[in-house]
Amino acid sequence: MTSVSYISTRGGAPRLGFEDVLLAGLARDGGLYVPESWPALDAATIAGFAGRPFAEVAAEIIGRFSGEELPTRVLGEMAADAYATFGHAAVTPLVQLDAQTFVLELFHGPTLAFKDVAMQMLARLMDHVLEKRGQRVTIVGATSGDTGGAAIEAFRTSKRVDVVILFPDGRVSDVQRRMMTTPTETNVHAVAIDGTFDDCQALVKAMFNDHAFRDSVALAGVNSINWARIVAQVTYYFVAAVALGAPHRSVAFTVPTGNFGDIFAGYVAKQMGLPVADLVIASNENDILPRTLETGTYEMRDVVATSSPSMDIQISSNFERYLFEASGRDDAYVRNAFASLAQSRRFDTGRVAMGLSQEFSARAASEADVAQAIRHVAATSGYLMDPHTACAYVAASSVHKAGRGVPRVVLSTAHPAKFPDAMEAITGSRPGLPPRLAGLMSAPERFERLANDLATVERFVESRARAVREGQTAKGGA
Ligand SMILES: *Cc1c(COP(=O)(O)O)cnc(C)c1O
């Protein structure tokens, strides 16, 4: 096994190995890490995934990105442990809706959203590396609802990691908030910020760019910019496609998209050799990506609140990784694009535009489309989709680039019980939580309310970070 090196999309950060990228999150030049080259899997290897447990496939795929830094046996144990927290033996089962359409259920983890698939693995990877190095880190993350709960749930038993999650006050569902505010472990902290998700994300980015602060608390990231999360999500593209006949047959995927992390994992699977007929970007009324495909211009607008809040986003952070690839790994192109975005809230995708519309299809679903899709599918097949999944169903039904005979997989990113108010407004009844979450709605909550102000939030994080109290001086990402 060889080592795998990672480079920044902005060209100004040190080259790192997998373990350092895992702990660093955002690169020091403000860019995102990507592997120097894509590991390739041949058809026989892909075919060999058929019928194997999810955890084994996960260990094999993640191993291609960690190289010699993590022994295969250790990865296998971590994956087995991570996916034992799921409530379904298949981990991410496929459900057939009609002759051509399949739902890939990614919500059987402890917080009922697809974020658990990556986060459960990430927590174990981080604890392993920190234990080995005798270090602590402080995770600060922003959440539009699901990442926060998944992170707090995955790290609440960690001995080496303190977690502070910023969420937009009043803009997450009660179930989402309670998943963050009811765990009693003292190393996890939920903070309600007076602002939007993009404000929370801007605070996190600012903390990462404040190098003195970053080092003093040994900051680490778990947002979808963290490379290990993307890698962990690649697994289910392989598992689902192989179950439907890959590598002998190609498969189309439709992905409810916010930060572009999940769909980028599909793009990675394709780079590794999985025959993917089409990758469809599904959005809600926050349609920056469909607009970009149509006009060639990436242009931010104000966020509107929808029934699929985890996609109420105007900055799709991981899109930067795709721009880097599509521009022929041109870091100057990426720097210019993001300088323009910071200055005028827009940039022209320019020479990347053509590749973008060949690589992806895109469709935005209106609130009316979502409601109609949920009712239609419930009536015709008795299957209840959540609003995020419904955005993808709408997109899959209207985009036919992949052609007849190609199985269409709709990624289902959340359990309907995670959004009971939205579901009740659409269907007239509230879906019940699975029995294992019975105590959630009555457990006492604990959280902090803070202003949308960098200094205030940094002071709070410093007061909770054990890395500071023990005087550990971080070596940053190096
Ligand atoms: C996070 C999330 C998404 C969007 O995923 P990205 O990786 O940010 O594109 C979609 N649906 C649900 C339920 C989510 O939690």
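Let me start with a cysteine. C391 is buried, at 0% relative accessibility. C200 is buried too, and its relative accessible area is 0%. For anyone new here: this is a predicted model.

Staying with cysteines, how many disulfides does the structure hold? The count is 0. As a reminder, a disulfide covalently joins the sulfur atoms of two cysteines.

Now to the ligand. Where does it sit? The space it takes is the largest cavity.

Who lines up around it? There are 15 residues around the ligand. Those that come nearest are K115, D146, G258, N259 and T413. Sort the shell by type, and you get 5 nonpolar, 7 polar and 3 charged residues.

Next, the contacts, taken one by one. Begin with K115. An N or O atom in the K115 side chain is 2.6 Å from an oxygen atom of the ligand. Then N259. Here the backbone is involved: one of its N or O atoms lies 2.7 Å from a ligand oxygen. Then G261. A polar backbone atom of G261 is 3.3 Å from an oxygen atom of the ligand.

So much for single contacts. How much of the ligand's exposed area does the protein bury? Taken alone, the ligand exposes 380 Å². The protein buries 98% of that.

To recap. The ligand takes the space of the largest cavity. Thank you.

Technical notes:
Residues are numbered from 1 along each chain as its sequence is written. This is a predicted model: local features need pLDDT of at least 70, side-chain atom pairs count only at pLDDT 80 or more; totals for chains, interfaces and linings use all residues. Side-chain values use heavy atoms; hydrogens and water are left out. A residue is near a molecule or strand if one of its heavy atoms lies within 4 Å of it. A polar contact is a pair of N or O atoms within 3.5 Å; within protein, one must be able to donate a hydrogen and the other to accept it, and residues adjacent in sequence count only if both atoms are side-chain atoms. Accessible areas come from the Shrake-Rupley method with a 1.4 Å probe; for residues, only the protein chains shown count as cover. On a 1 Å grid over the protein atoms alone, a cavity is a set of points where a 1.4 Å probe fits but cannot get out, and a pocket is an open set with protein on both sides within 12 Å along at least five of seven lines; lining residues have an atom within 4 Å of a point. A molecule sits in a cavity or pocket if more than half of its atoms lie within 2 Å of its grid points. Ala, Val, Leu, Ile, Met, Phe, Trp, Tyr, Cys and Pro count as nonpolar, Asp, Glu, Lys and Arg as charged, and the others, Gly among them, as polar. A disulfide is a pair of cysteine sulfur atoms within 2.5 Å. Buried means under 20% relative accessible area, exposed over 50%, partly exposed in between (1.4 Å probe, protein chains only).
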